[in-house]
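Here is a short briefing on one chain. Look at the sequence and the model, then read the points below.

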Amino acid sequence: MGSTSLIVSARVSAVVVATLILMWTYAFQTSFIPRSSSQENFIYSVLHPLLMVMGFIIVSGEAILVYRWLPGSRDFKKSVHLCLQGVALASGIFGIWTKFHGNRGISANFYSLHSWMGLICVVLFGAQWLVGFMSFWHRGEVRSTKFAVLPWHVFLGLYTYGLSVATAETGLLEKLTFLQTRGRVKRHSPESVVVNSLGLGLALLGGIIILAAISPNRHRNPNIVYKFSDGKWVPKK
């Protein structure tokens, strides 16, 4: 599958995921009504999945794809990548804050595997963004140091993205299990179908994004040996 096909598939998957998360939060609002009847708490309950899926996962996935489709210099691509990742990071931080906001406090919400994984994701993502920011603005660093850090930056970036998708899956499972055990949602119901479809869509989106990131550039000649120099791949003489 070529880069263009992967990008189109990723965009289609992202639209499907966004549609499903919007459908879930707006068509089945009773599932997000907290014990408190406060309208403010209800808004925060709805904002959490919206920010973490649309703001964190979808936007960060688009940031990963920047190097595949955006024309222009590498510095321009890096700046767009950094800005999109900054939006994703802000969405992740605010998304976690909305979950911890309320009368129950932080400790009452920070108890599950989903909450632990979510916090780890945001911490790793923040560290990655800081490293990228420092690398972008401090260009006078030794090239060998940058080249040594780059593979780890790529690996940790893809690892964090994959972990964020897995975290979202645990959140969907936790929420749906809670609703079903409380008898608020039947196992065979439209809402269960929407949530399960959302989980499958996230798994598909994550796989496509990672595949697009690690797939080789088809524009390179396979008969030519390339080397990484001055921030790009060039033919080795």
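Leu205 counts as buried, because its relative accessibility is 2% and the cut-off for buried is under 20%. Leu205 lies in helix H7. The model is a predicted one. The chain holds 7 helices and 2 strands.

**Leu205 and its surroundings**
- Leaving out residues up to four places away in sequence, Leu205 touches Ala10, Ser13, Ala14, Val17, Ile57, Ile58 and Tyr161.
- Leu205 and Gly61 are 144 residues apart in sequence. Their C-alpha atoms are 8.5 Å apart in space.

**Overall build**
- From the N terminus, the order of elements is α-α-α-α-α-α-α-β-β.
- The chain has 237 residues, and 38% of them are buried.
- Of the contacts with a separation of 6 or more, 72% join residues 24 or more positions apart.
- The accessible surface of the chain is about 13900 Å². Carbon and sulfur atoms account for 67% of that surface.

**Helices H1 and H2**
- Helix H1 spans residues 3–27 and helix H2 spans residues 39–69.
- The two helices pack at an angle of about 170°. Their axes are 10 Å apart.
- H1 and H2 are therefore roughly antiparallel to each other, as angles over 145 degrees count as such.
- On the H1 side, the contact is made by Ser3, Ile7, Ala10, Arg11, Ala14, Val17, Ala18, Ile21, Leu22, Thr25 and Tyr26.
- On the H2 side, the contact is made by Val46, Pro49, Leu50, Val53, Met54, Ile58, Glu62, Leu65, Arg68 and Trp69.
- By class, this contact has 16 nonpolar, 2 polar and 3 charged residues.
- Ala10, Ala14 and Val17 of H1 and Ile58 of H2 are among the residues of this contact. Leu205 touches Ala10, Ala14, Val17 and Ile58 too.

- Ser60 lies in helix H2. Ser60 counts as buried because its relative accessibility is 2%.
- Beyond its neighbours within four places in sequence, Ser60 is in contact with Gln85, Ala88, Phe125 and Tyr161. Tyr161 is also one of the residues that Leu205 touches.
- Ser60 and Leu84 are 24 residues apart in sequence. From C-alpha to C-alpha they are 6.6 Å apart.
- Ser91 sits in helix H3, residues 74–100. With a relative accessible area of 12%, Ser91 is buried.
- Not counting residues up to four places away in sequence, Ser91 touches Leu51, Met52, Gly55 and Phe56.
- Ser164 is found in helix H6, residues 143–181. Its relative accessible area is 5%, so Ser164 is buried.
- With residues up to four places away in sequence left out, Ser164 touches Phe56, Ile57 and Cys121.
- Phe56 is touched by Ser91 and by Ser164. Ile57 is touched by Ser164 and by Leu205.

**A partly exposed glycine**
- Gly126 lies in helix H5, residues 113–137.
- Buried or partly exposed? Gly126 is partly exposed, because its relative accessible area is 22% and buried means under 20%.
- Gly126 and Ala90 are 36 residues apart in sequence. Their C-alpha atoms are 9.3 Å apart in space.

**Confidence**
- The mean pLDDT of the chain is 84. A value of 70 or more is reached by 81% of the residues.
- Over residues 218–224 the pLDDT is below 50. Beyond near neighbours in sequence, this stretch has 7 contacts in the model.
- Where pLDDT is low, the predicted coordinates should not be read in detail.

Definitions and conventions:
Residues numbered from 1 in each chain as written. Predicted model: local features only at pLDDT ≥ 70, side-chain atom pairs only at ≥ 80, totals over all residues. Heavy atoms only, no water. Helix = DSSP H or I, 4+ residues; strand = E, 2+ residues; numbered from the N terminus. Buried < 20%, exposed > 50% of the residue type's maximum accessible area, 1.4 Å probe, protein only. Contact = heavy atoms within 4.5 Å. Areas by Shrake-Rupley, 256 points an atom, 1.4 Å probe, with all protein chains shown as cover. pLDDT = per-residue confidence, 0-100. Axes fitted to C-alpha atoms, helices over the stretch in contact; angles between N-to-C directions. Parallel < 35°, antiparallel > 145°, perpendicular 65-115°, else oblique. Nonpolar A, V, L, I, M, F, W, Y, C, P; charged D, E, K, R; others polar.
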